[in-house]
Amino acid sequence: MQVGGPTHKHLKASPHVLAPALLIAVTAITFLPTLFNDFTNWDDNINLTENPLLIPPTWWGLWQFWKAPFENLYVPLFYTSYFVDLLLGGGVPRASITHAINVLLHCTNVGLAFWLICYLLDKLADSTDLRAHTGVSRVVACALGASVFALHPLQVEAVAWATGRKDLLAGFFTLWAFARYLRYTESRSSAAASPRAAFLRECAGLALFLLALLAKPSVVVLPVVLALLEFWRRTGWREIARRTAPWFVLALVWTLLTSRTQELTPEARAQLTPLWTRPFIAADAIMFYLKKLVWPVDLVAVYGRTPLVAINDPFVWFTLPLLVIATGMALWRRGVVGFAFLMFEVFLLPNSGLVPFVYQQHSTVADRYAYLSLLGAGLGVAAVLARVFAQPSPARRKFAMAVALGVSAVAAFLSFRQTLVWRTSQTLWENAVKSVPDVALSRANLAAVYMKQDRREEAIQECRRAIELDPRQERAHSNLGVLLLWKGETTAALAHLRRAIEIRPTYGQPHAHLGDYYARSGKIQDAMREYQEAIRLDPKATHAYVGLAYCYFRLGRLKESEDTLLQSIATRPHHASVWVIYGNFLADVGRKREAAAAFQHALTLDPSNREAREKLNALGETRPADESAGQ
């Protein structure tokens, strides 16, 4: 007699559920250290922590991202996701929330990648690939293939860097759109499916593709991957055109609409090489990623492999012929591994240097650009493993399994360790100059970190080294000018500040530093001119507003001084330091009650701010902000 309830068979977990669940769990553990990472000075300040359209979060500010490009890039969905971060954090940027959402997005993408690899392995298998091979071992092969996407150290930058949200969000909608396309084509080939259902699936896929483009335009190459997939399926040319035409039209329209939003900077134009060299530069970039795919060591934020650097490497002339041969072989044989290789290539093309882009002034290659390409790498690994697992030899299967698990474990360990590199700005740039020492930008950014820590001699050393590597490194010139002013080496300092302006006339920071020098020298009118120029070039330049307010105060123009300080607060409303400066102004003009409120607000924003607490105590307000608020 059978007792009611589920049988042992029903209690068994399906390998299609257990395998991705285990992989996602391992992925979450691998990237767990990112939850303790801070924001960095590598674009996190521009995009989030000091973004005037996000801080404080308002619906008006959010609309500005949808209305027009920000920082010459139209990615409103990316900034909308940050808006959600801020709402979850009570209106204040909280690194733990941002990084937790990054990890959650990546884990979701891992699940989608597993599904896609399983599907593609099934649909693209033929007499030479996995014939008659099914079962648990195939699912294991897919999971191990997906572990390349999930755990490879190249993925760390996108996950551990707050600004990497762009790649994660675009990756999520791209993978989802890819999956919806596969469902759509499957429904069209089914006799039972209604045309209306198929049409709705196609619209859903296109809508997801549009969302991906709103997060990062470089995913525009997805239709090329879909067309290649149909070619691999041996679909007729007319049917390929009919299925992928809407996707290509959307990609083309989006490219035309956004092509002028990200104009090349003078620095990026300086890196342009002749048109005929660009395929070689793109091939060099793809070869770089293939090398890092196999040997993922010395991963850094900036590699410094600009087009000019690449074109001067003798090996670059061999890269294009090698890739052409490999691509031709893949097209000729039309196996799963060949499709995987082409998918790897295609997702890299938008940021390979084939078409000039702004970041190439620093480097043509970056880890984050390989995020979606690793789906192709994962599919290739899954195909190879599935073929081995299909062999009749148990010893060969066990050996392949052991090797694959070992490689996955090493990748997880390397990724875990790489997440620690992104812990702070200091760890990020110290790792960069240690691993790739000849990149001027990395040394300039490290110098900026040392300046904030008041490690002046070390900052001077890094600035000088940056200028040796790149005499046109304007940030290093500007910071070295400030450091030399602190040391009293006025002549050399002014020369470096003026050199920074000469290199980049639109750079506001050296003007603000010149304003500081003139203000200390009593040349108030000269100081005001420099501060006003700094503000004109950079309306978010808090430092320049404060300096200009000081000049107005010295001239007795108190109303203009206060208005300027309020403009400074408007640029950084959540920075305690600007509220302390405003409180000092109010105390100096005798408005002590308002000054106390300003110091109190500064303590609300930063309870550890000693100057605000001391000034508040001096005014007779001894209770800390949190206690007074609770009574």
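Predicted model: local features only at pLDDT ≥ 70, side-chain atom pairs only at ≥ 80, totals over all residues.
Rings of Phe, Tyr and Trp (its six-membered ring) are taken as a pair if their centres lie within 6.5 Å, and the planes count as stacked when under 30 degrees apart, as edge-to-face when over 60 and as tilted for the rest. Residues are numbered from 1 along each chain as its sequence is written, and side-chain values use heavy atoms, with hydrogens and water left out.

By the ring rule, the model holds 33 aromatic pairs. In one of them, the ring centres of Phe553 and Phe585 are 6.0 Å apart and the planes stand at 75°, so this pair is edge-to-face. It ties together distant parts of the chain, with Phe553 in helix α27 (residues 542-554) and Phe585 in helix α29 (residues 576-588), 32 residues apart. Helices (H or I, at least four residues) are DSSP runs, numbered from the N terminus.

Turning to helix packing, the axes of α5 (residues 76-88) and α10 (residues 195-215) come within 5 Å and cross at roughly 80°. Axes here are lines fitted to C-alpha atoms over the stretch in contact, and angles run from 0 to 180 degrees between N-to-C directions. The two helices α5 and α10 are therefore roughly perpendicular, a term that covers 65 to 115 degrees. Pro76, Leu77 and Phe78 of α5 meet Leu211, Leu214 and Ala215 of α10, where contact means heavy atoms within 4.5 Å. This contact has 6 nonpolar residues, no polar and no charged ones. Nonpolar stands for Ala, Val, Leu, Ile, Met, Phe, Trp, Tyr, Cys and Pro, charged for Asp, Glu, Lys and Arg, and polar for the others, Gly among them.

Two loops deserve a look as well. Pro56, in the loop between α3 (44-49) and α4 (59-67), is joined to Ile55 by a cis peptide bond with omega of about -5°. In the loop between α4 and α5 lies Glu71, which has a positive phi of about 55° although it is not a glycine. Most residues other than glycine have a negative phi, and most peptide bonds are trans.

Grid points are joined across faces, edges and corners, and a volume is the space filled by probe spheres set on the points. The second largest pocket has about 630 Å³. Its lining counts 26 residues, with Val148, His152, Leu293, Val381 and Val407 nearest the centre. Helix α19 gives the largest share, 8 residues, and the lining divides into 21 nonpolar, 5 polar and no charged residues.

There are 2 cavities of 30 Å³ or more. The largest cavity holds about 130 Å³, and its lining has 6 nonpolar, 3 polar and 3 charged residues.

Conventions
1 Å grid on protein atoms, 1.4 Å probe; cavity = no way out; pocket = protein on both sides within 12 Å on 5 of 7 lines; lining within 4 Å. Parallel < 35°, antiparallel > 145°, perpendicular 65-115°, else oblique.
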